[in-house]
Amino acid sequence: MSSYQQPLLNQQTAEQIGSAVASEASSRLGFLKKFREEKLSNLRPLGDFLDKDRIRFTTSFSEITKRWNYNLQHFGANYLLIIIGLSIYAVITNWWLLFTIAFIFGGFYVISRLNGPLNLGGMTVSPSSLYAGYAGASLILLLFSGATGAIFWIIGAAAIIILGHAALLEPGLEGEFGADSQV
């Protein structure tokens, strides 16, 4: 038995694979940079978002709708982060749902990497048939893993938090000046 073992990949092949993986990752994750530049550019400071001096209760529905109109536009990026945080929390706390989502993404990734039809037990299955069958199985898995409950929980929790915040927080001075400039 020889003490010297042949490496699985030579240096040049390993570098090519590494650069291919890096370029693939940067192209696939480019949407995060675009999302940050477009959606999160209007993120308001936490001091403005949680300004306790501007919290006022009102019983007038017309005043609440004015606050909703202003705050939903003004703090839209902050509210989007709340929805993303609630979504992450809902997925992480439901292990079956987390497993199902990973299984779905993994399966679709494997199907996308197939070169041509797949031979299973003497049958040839086309990639489009694999996608259709896997999509049907994925929907059944999502139903059993509680995805609908998680979606409705996210909608309800986000509505209570976001609409409650928007109804209680009075518009800032810039909102009052903006209303005067429209007259």
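These are my notebook entries on one predicted model of a protein chain.

**Entry 1, confidence.** I looked up the confidence before anything else. The mean pLDDT of the protein chain is 83, with 79% of its residues at 70 or more. I then went through the elements.

**Entry 2, layout.** I counted nine helices and two strands in the protein chain. In sequence order I noted the pattern α-α-α-α-α-α-β-β-α-α-α. For contacts with a separation of 6 or more, I found that 76% join residues 24 or more positions apart.

The chain has 183 residues, and I found 19% of them counted as buried.

I took helix H5, residues 76-92, as a case to follow. I checked its length: its 17 residues reach 24 Å from the first C-alpha to the last, close to the 24 Å expected at 1.5 Å a residue. Which residues of H5 are buried? I listed Ala77, Asn78, Tyr79, Leu86 and Ala90. I next asked what covers the buried residues of H5. The cover includes helix H3 (46-49), helix H4 (61-74), helix H6 (95-112) and helix H8 (147-168).

I stayed in helix H5 for Leu80. Leu80 counts as partly exposed because its relative accessibility is 26%, and buried would need a value under 20%. I also looked up its distance to Leu40. The two C-alpha atoms are 8.6 Å apart in space, while Leu80 and Leu40 are 40 residues apart in sequence.

How many salt bridges does a search of the whole structure find? The search gave two.

I took Glu63 with Arg67 to begin. Their closest N and O atoms are 3.5 Å apart. Both residues lie in helix H4, four residues apart, or about one turn of the helix. The general rule I had in mind is that an α-helix has 3.6 residues a turn, so residues three or four places apart point the same way.

I then looked at Arg67 with Glu170, where the closest N and O atoms are 3.5 Å apart. This pair links distant parts of the chain, since Arg67 is in helix H4 and Glu170 in the loop between H8 and H9, 103 residues apart. Through shared partners, the salt bridges join Glu63, Arg67 and Glu170 into one network.

Arg67 is buried because its relative accessible area is 3%, below the 20% cut-off. Glu63, at 28% relative accessibility, counts as partly exposed. Glu170 also counts as partly exposed, at 27%.

I looked up the record last. An unreviewed UniProt entry carries the annotation "transmembrane region" for residues 79-111 and 131-163. I compared each span with the model. Residues 79-111 are 94% helix and 0% strand, and their end C-alpha atoms are 36 Å apart. Residues 131-163 are 94% helix and 0% strand, and there the end C-alpha atoms lie 39 Å apart.

Notes. Residues are numbered from 1 along each chain as its sequence is written. This is a predicted model: local features need pLDDT of at least 70, side-chain atom pairs count only at pLDDT 80 or more; totals for chains, interfaces and linings use all residues. Side-chain values use heavy atoms; hydrogens and water are left out. The expected span of a helix is 1.5 Å times one less than its number of residues. Buried means under 20% relative accessible area, exposed over 50%, partly exposed in between (1.4 Å probe, protein chains only). Contact means heavy atoms within 4.5 Å. pLDDT is the predictor's confidence in each residue, from 0 to 100. A salt bridge is a side-chain nitrogen of Lys or Arg within 4 Å of a carboxyl oxygen of Asp or Glu. UniProt positions are given in the numbering used here, feature names are shortened, and annotations may be inferred rather than shown by experiment.
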